[in-house]
Amino acid sequence: MIAKPTGVWLGSTRVDLRTASLLGAGGEAEVHALPDGRALKLFKGPTHPDLQLFPEQARAAAGRLAEHQRKLPAFPAGLPERVIVPEQLATTQRGGGSIVGYAMRKVEGAEPLLRWGEPRRIASIGAARVVEVLLDLHASVAALHQRGVVLGDFNDLNVLVAGAAAWLIDADSFSFAGFGCSVFTERFVDPLRCDPSGSSPVLVRPHDRDSDWYAFAVMVMRSLLCVGPYGGVLGHSGSGPAIAHAARPLHRITVFDDRVRYPKPALPLHSLPDSLLDHLRAVFVDDRRGAFPVERLHELAFIRCSSCKLEHARARCPRCTTTLAAPKRITTRGRVSCEQLIAIAGQMLAAGLGDDGRLRVLERDHASHLWLHCEGRGRQLLSRDPQVACASWVRPWAETALIWSGTGLVRLGEPGRVLVDVVDHEPVAACFGERRVWVSGGRVSTDVITAAGVSHKEIGRVAAAGQARIWLGSHFGLCLYRIGALLIPATFDPRRAGLSDGHQLPPIRGRIIHASACLAQTQAWVVLQVQQGARSRNLVYVLDSTGRLLGACEAEAEQPEQAWMSPSSIEGAAAIGSILFVPTDAGLVRVELVGGQPCVTRSFPDTEPFVDAASVLAIGGRGLVVVNREGAFALRLE
């Protein structure tokens with residue numbers, strides 16, 4: 001393996017990469033922290049360790065570096081404030097040499113707009129803030145077009161949200177001054193720019209202003225409805241050949257089509273006014289192009305239904321007409337009975353089991369107060385601070401909540417915070433019951449509670465600081481870190497020192513954009529969503545408590561037939577023994593290893609009225625429990 005460079009130059013200043021903290025890594029570049037508060041983006045060259053096993057990616061990296069020698073010096077000045085532009089070129093020699101990256105502004109406390117399209121995250125944000133961010137993003141896109149710049153590969157991973165500001169990153173891929181952009185992302189590429197006879201979108205014509213506004217319309221829909229234009233499941237009528245999910249954009253088969261089953265966790269289409277829906281339908285069905293009409297965003301006025309609590313921008317609630325009947329305490333369907341344990345009137349943020357086996361649910365009410373529901377103990381107010389209730393990462397912990405403040409972990413009601421690493425704008429921390437673990441500077445740590453108070457204990461260290469993720473279950477924990485193209489699972493017992501990292505997973509290529517895991521007593525189910533060029537795939541691994549690989553499978557992301565394989569579904573799953581239960585829009589499914597491959601071994605269609613893909617499952621003293629927007633319910637499966 002060829003070693004990475006140990007240093008680069010910013011003018012006459014040398015940056016030692018061995019001591020610069022890694023902020024993040026993608027398929028084409030790494031981002032490091034600079035001592036002056038900025039960030040350093042370094043492009044991966046053809047000899048980078050991540051690319052050694054993938055010759056085609058190495059050749060592409062060489063081509064990008066060659067173009068950057070001409071493109072970056074020609075980068076336009078005077079771009080909008082929200083664009084993270086190259087401020088200083090990084091070179092291989094003092095005052096010159098080959099361009100290998102650039103220094104740029106670092107956006108603190110941000111998260112990708114991608115997360116705002118997830119039902120569990122949108123519950124803590126509120127529609128008014130979403131509209132603010134979309135308006136801010138609209139202004140930046142319009143200003144870039146006035147400067148003759150086309151964004152090109154415009155997608156929700158390249159938009160970072162901090163407060164009400166939308167920051168545009170990866171500006172080096174913009175089209176300007178005769179330099180084009182050949183890369184694209186399937187979920188956002190304009191089908192008018194693609195080969196109409198393909199089996200999936202493939203860019204054959206250059207990006208332009210219209211394709212930027214097409215991508216913006218996709219972001220509007222995902223952020224306000226939690227579903228993209230080609231979400232849902234297409235039914236097959238039997239007349240004519242079946243159309244693959246990936247080909248639906250080329251045939252304009254959208255969620256507006258009667259043949260498509262709309263996803264249950266998404267907000268109702270008609271929570272938006274007809275004027276905005278008509279424009280979205282015209283873009284995605286009728287190929288209307290041009291600048292997105294900003295007045296469609298300005299006229300949005302959201303209210304909350306007093307009955308079902310849905311936020312909508314219409315004269316009447318699309319989900320109900322007057323008031324909803326009070327839910328029955330015990331409901332049955334077929335061979336399934338459902339008993340309500342906890343009722344919530346606001347928005348469910350997170351759920352988990354305590355050491356006593358009781359379920360705990362965090363709720364954000366409509367005044368942005370944070371409440372904790374504990375099964376059998378009622379409801380407790382934790383915070384009146386709206387910033388706490390709207391935090392991007394919040395978990396129930398013991399009798400309170402653990403919050404990521406953007407700079408550290410905070411236990412509500414107690415002073416102080418714990419500094420943790422951040423990977424892909426999320427804290428590297430986990431909790432289960434009354435125990436928590438985290439990674440800071442590559443050190444895996446936990447709490448030690450004694451009569452003298454709480455102290456911190458180091459469990460072990462990982463070899464790749466800034467590239468680790470962590471999860472905790474009832475019996476063991478899992479830390480997954482990446483070295484080049486290799487993934488190393490390190491398991492541990494939080495009560496003892498030491499990591500077990502003697503195994504490795506098969507090499508992967510591309511950028512990990514979402515990772516989830518569900519841990520049982522002796523097994524861990526891990527799902528990674530990896531962006532590989534224009535397309536993303538879901539990789540599933542089943543590990544034992546030592547990190548040994550027991551089985552694996554993969555599928556194209558957002559494939560309706562494999563809905564259980566998404567990281568968001570695994571976030572809501574529950575495991576016991578060698579069995580994984582996963583919530584889907586069609587009800588619960590049971591997943592097991594069969595011949596070394598994870599697959600669905602049984603479906604429970606009678607659970608469909610009580611479960612959707614955004615539900616959270618738990619297995620505790622009451623058996624299998626499902627938590628959704630209405631509360632927590634014990635399910636009995638016959």
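Predicted model: local features only at pLDDT ≥ 70, side-chain atom pairs only at ≥ 80, totals over all residues.
Let's start with a pair of helices. Helix α3 covers residues 127-146 and helix α4 covers residues 209-225; they pack at an angle of about 175°, and their axes lie 11 Å apart. The two helices are therefore roughly antiparallel to each other. On the α3 side, the contact is made by Val130, Val131, Leu134, Leu137, His138, Val141, Ala142 and His145. From α4 come Arg209, Asp212, Trp213, Phe216, Met219, Val220, Ser223 and Leu224.

Serine 211 is buried, and its relative accessible area is 3%. Which residues does it touch, once neighbours within four places in sequence are left aside? Serine 211 is then in contact with Asp190 and Arg193.

Now turn to helix α1, residues 55-71. Its 17 residues reach 24 Å from the first C-alpha to the last, close to the 24 Å expected at 1.5 Å a residue. Buried in α1 are Gln57, Ala58, Ala61, Leu65, His68 and Lys71. Seen down the helix axis, these buried residues fall within an arc of 145°, so they line one face of α1. They pack against two strands, β5 (39-43) and β7 (96-104). On the other side of α1, Arg59 and Arg70 are exposed.

Terms used:
Residues numbered from 1 in each chain as written. Heavy atoms only, no water. Axes fitted to C-alpha atoms, helices over the stretch in contact; angles between N-to-C directions. Helix = DSSP H or I, 4+ residues; strand = E, 2+ residues; numbered from the N terminus. Parallel < 35°, antiparallel > 145°, perpendicular 65-115°, else oblique. Contact = heavy atoms within 4.5 Å. Expected span 1.5 Å × (residues − 1). Buried < 20%, exposed > 50% of the residue type's maximum accessible area, 1.4 Å probe, protein only. Arc of directions from axis to C-beta.
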